[in-house]
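Hi,

Here is the model I promised to pass on.

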Amino acid sequence: MSPKNREDVRVTSDHWEVAGFARTMIGEHSCGDAIAVYPADEWVTALVVDGLGHGAKAHEASAAAVAHVTQRIEENPGVGIESLMTTCHKALAGTRGAAVGICRLEPGRGVVRFCGVGNIALTSFPNRRGMGVSLAGVVGYRMRKIKEFVCEVEPNDLVVLYSDGVSSRLSLKAIAKQPMDKLLETVMKDWAKDHDDATFLAIRFVAKSNPPAQ
Ligand SMILES: [Mn+2]
């Protein structure tokens, strides 16, 4: 069980291990960040949202983003992440807006797709070129340009997304090989800021193991 001020996610399959947390800043009752994972047969999609500011209004924006993406993926599991970002922008109109990062691992193709707007960081270990960056803007308020990045990845790669409540000095090198639970606790303890909502999500591309010999 996660503590009351924290929402945890964890989804595993033969091809991926996805886990993360969204932790409310000290002194707030509702979390302005949000996190969600959507496994499908062929891929897994992950969402990290940071509602502008913090508290109830930020929560309203990030919750609207999760509700919207959840609904669209339920309607069409194959929906592209750039399309998700485009309609998310419309869905968040009337809220104060959010930073949004959407990431999809496609193990069969050996690629990670990413589309981000605002302050959601993306990085990998080992460091893969072309992994992508979030473009400037606020989803729901001002979004000039979006771009979907596609990056080749290899089994055992670790890809992480995080809100600005996690320090940008975060170094994956020392923790990338740790078991997921330990990795998350290390990030929480060493890199999450007390004075902001902090969200971190890790995607590990699991090598398909060979069936045991009979
Ligand atoms: Mn923040």
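**What turned up**

Asn156 sits in the loop between strand S9 (149-152) and strand S10 (158-162); helices (H or I, at least four residues) and strands (E, at least two) are DSSP runs, numbered from the N terminus. Although Asn156 is not a glycine, its phi is positive, about 80°. Its relative accessibility is 47%, so Asn156 counts as partly exposed (buried means under 20% relative accessible area, exposed over 50%, partly exposed in between, with a 1.4 Å probe and protein chains only).

Before you go further: this is a predicted model, where local features need pLDDT of at least 70 and side-chain atom pairs count only at pLDDT 80 or more, while totals for chains, interfaces and linings use all residues. Residues are numbered from 1 along each chain as its sequence is written, and side-chain values use heavy atoms, with hydrogens and water left out.

Now the metal. The manganese ion has Asp50 (OD), Asp164 (OD) and Asp196 (OD) as its protein donors, at 2.2 to 2.6 Å (donors are N, O and S atoms within 2.8 Å of the metal, or 3.2 Å for Na, K and Ca; water is not among the atoms, so sites may look incomplete). Along the sequence, the spacing of these donor residues is D-x113-D-x31-D. Asp50 belongs to strand S4 (residues 44-51) and Asp196 to the loop between H3 and S11, so the pair ties together parts that are 146 residues apart in sequence. Both Asp50 and Asp196 are buried.

Ala192 is in the loop between helix H3 (180-190) and strand S11 (198-205). With 15% relative accessibility, Ala192 counts as buried. Leaving out neighbours within four places in sequence, Ala192 is in contact (heavy atoms within 4.5 Å) with Arg23, Gly165, Val166, Val187 and Ala198. Lys182 is ten residues from Ala192 along the chain, and their C-alpha atoms are 15 Å apart.

One for the backbone geometry: Phe125 and Pro126 are joined by a cis peptide bond, with omega about -5°. Pro126 is in the loop between strand S7 (121-125) and strand S8 (134-135).

Finally, the rings. Searching the whole structure gives two aromatic pairs (rings of Phe, Tyr and Trp, the last by its six-membered ring, pair if their centres lie within 6.5 Å; planes under 30 degrees apart count as stacked, over 60 as edge-to-face and the rest as tilted). Phe21, Tyr162 and Phe200 are linked into a cluster by ring pairs. Elsewhere on my list, Lys147 lies over the face of Phe149, 5.0 Å from the ring centre (a charge sits over a ring if NZ of Lys or CZ of Arg is within 6 Å of the ring centre and within 35 degrees of the ring normal).

Cheers
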